[in-house]
Amino acid sequence: MKTFCLLLLAALAVGDLAYSESDPQTTPVLPWWKTTIIYQIYPRSFKDSDGDGIGDLQGIISELQHFQYLGVETLWLSPFYKSPQKDFGYDISDQRDVDPMFGSIEDFRKLVAEAKKLGLRTIVDFVPNHTSTDHDWFQKSVRREGKYTDYYVWSDGKTLPNGTVVAPNNWLSVFYGSAWEWNDQRQQYYLHQFIKEQADLNYRNPDVREEILLAMRYWLDFGIDGLRMDAIGQLYEVTDLSLDEPLSGAPGVPLNEYDSLLHPYTNFLPEVKDEIIRWQTMLDGMEKVDGRQRFMVLEYYTDSDSRAKMAEYGAHPFNFDLVDNLDIPTNASQIMALISEEYMDKPASYWPTFVIGNHDRNRVASKYNPRNANAFNMLLLTLKGTPTTYYGEEIAMEDIDVAYNESQDPWGINAGPDRYRLVSRDFNRSPMQWTSVSEAGFTTGKPWLPVNPDYLTVNVASEKLNPKSPLNLYKEYAALRQLNAFKYGDIDVNVITNDNVLSFLREFGSERYLVCINLGQSPSTDDYSQGAVNSPTGVVIATTGNVPSAQDKFSTVSLDSLTLQPGQGLVLKL
Ligand code: NOJ
């Protein structure tokens, strides 16, 4: 044990991948995306290089060393394509160009190349379900020009007995109100499952499917490493547009809100599977040619069983259980139940993809109590599976407050002043906090959303100076993933779990680690020494920074009576 500690101390002194114990003879060869950390960059909010208050590609290039510092290897860029920005880039008017506010194609090329030089991979967001109504395809479709006539889902609507023409059915937009909008020029309704400026493409048209494949291919040919596919649940709708969706009966949900209906006719129709297979086949085909694996991760909010079914045909949906399905305040048993499902009765092709926050949901530190910020990062980075970190989680950024009349997000605006707090995404999209200078070093201009006033202390530069800051703890958790047990090892979730603590083992051969975290509301003293752990003591190799000195890093602690306060977590070498 003493030798291990000395080795550990020596290794820590020399660099980031301090804990490496790799033995190339015995470790398995895994696809890169199983051992990576994905970091989501929301370009508008990451770093502004030209003072217009909006982040851009040059800004990202200027901060690439941040990812090296963290030990993160894969960057996912949310949309930076040409767009009127009605849904902040998820309304694309040209899938093959960069919006001037973010830079140019050359900037993108440079970003990918510079990232590669630093050993970083790039994944881009791709929006297959809809385009902006400013898109050339939509404009041509409105004019019924040739093959574009049926590129979108059009309907004459329904004629009421009194002669009035109304939308063909009761379908609702995810972002409030009817999913149908009348187009005067074409004299028809078009479908939009999101805002009215995001027209749904008609996937029953083979030309559309081909266009989308070619556009995906266009970005893949820049040498990127994969795609994050947006809103795949909405790709197909039934062809019989007279079908109304049934009421969900969800209590307290107004009838113009998406959740007031069930979505059997518009969400995840069986045809979606064929589309995913088509896309994956293209990626596999590219791999056959150049030997490079590309990763495709899907945005689809569903449960563990459906994810498992999707894995059977090679799909990798994000797991949003920790984003959407946790009670507040958090309860460790509930969290562990959701996590355990990921490892139970799954097809061999199943691979967990954990997420704790994104650009659509409140930040983890705000939602689940700021005291748990480091604990959630510890959890995310030590579980078996591919973790995705939303920008700012590494410094424990919290949501900002935005008044209704200053709202930018169309979802929040459509919800109205009484309900916007339930859905607005402005709160969790505030600028990245780099330094303690004005506007947190994000911009020299006026940021598009306010910077969180806590930036004076919560920022990258200040946190670098404190060994126990969220930033430096994140870096330590990321480094743990270089250990065989965390990189290749199995997970045993049958350890101690109660309403306050959850714990699990990561093991590879004789290398064994215990992770125990209190995400509950009260202290918990537990005996970990028995059962699967079967060890009287453990050496602390990572903490949440807020533990008593007897549990500090490199301490040997007794496992038969280990107390963790709310928000405290330990990783122990057994
Ligand atoms: C899901 C994206 O994550 C969200 O930000 C966007 O508004 C919708 N899809 C529509 O593209």
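An oxygen atom of the ligand is 2.8 Å from an N or O atom in the side chain of D230. That pair is a polar contact (two N or O atoms within 3.5 Å; within protein, one must be able to donate a hydrogen and the other to accept it, and residues adjacent in sequence count only if both atoms are side-chain atoms). The model is predicted, so local features need pLDDT of at least 70 and side-chain atom pairs pLDDT 80 or more, while totals for chains, interfaces and linings use all residues. Residues are numbered from 1 along each chain as its sequence is written, and side-chain values use heavy atoms, with hydrogens and water left out.

**The ligand site**

| Side chain | Distance to a ligand oxygen |
|---|---|
| D87 | 2.5 Å |
| D230 | 2.8 Å |
| R425 | 2.9 Å |

Taken alone, the ligand exposes 290 Å², and the protein buries 98% of that. These areas come from the Shrake-Rupley method with a 1.4 Å probe.

In total, 13 residues surround the ligand. Each has a heavy atom within 4 Å of it. The closest are D87, D230, H359, D360 and R425. By class, the shell has 3 nonpolar, 3 polar and 7 charged residues. Here Asp, Glu, Lys and Arg count as charged.

**R361 and its contacts**

R361 lies in the loop between α11 (332-341) and α12 (364-367). Helices here are DSSP runs (H or I, at least four residues), and strands are E runs of at least two. The side chain of R361 makes a polar contact with the side chain of D324, at 2.8 Å. What else does R361 touch, leaving out residues up to four places away in sequence? The list is Y301, V323, D324, K367, W411 and N428. Contact means heavy atoms within 4.5 Å. K117 is 244 residues from R361 along the chain, and their C-alpha atoms are separated by 33 Å.

**Two backbone exceptions**

Most residues other than glycine have a negative phi, and most peptide bonds are trans. Q187 has a positive phi, near 60 degrees, and is not a glycine. Q187 sits in the loop between β10 (180-183) and β11 (188-191). The peptide bond from I328 to P329 is cis, with omega near 0 degrees. P329 is found in the loop between α10 (321-324) and α11.
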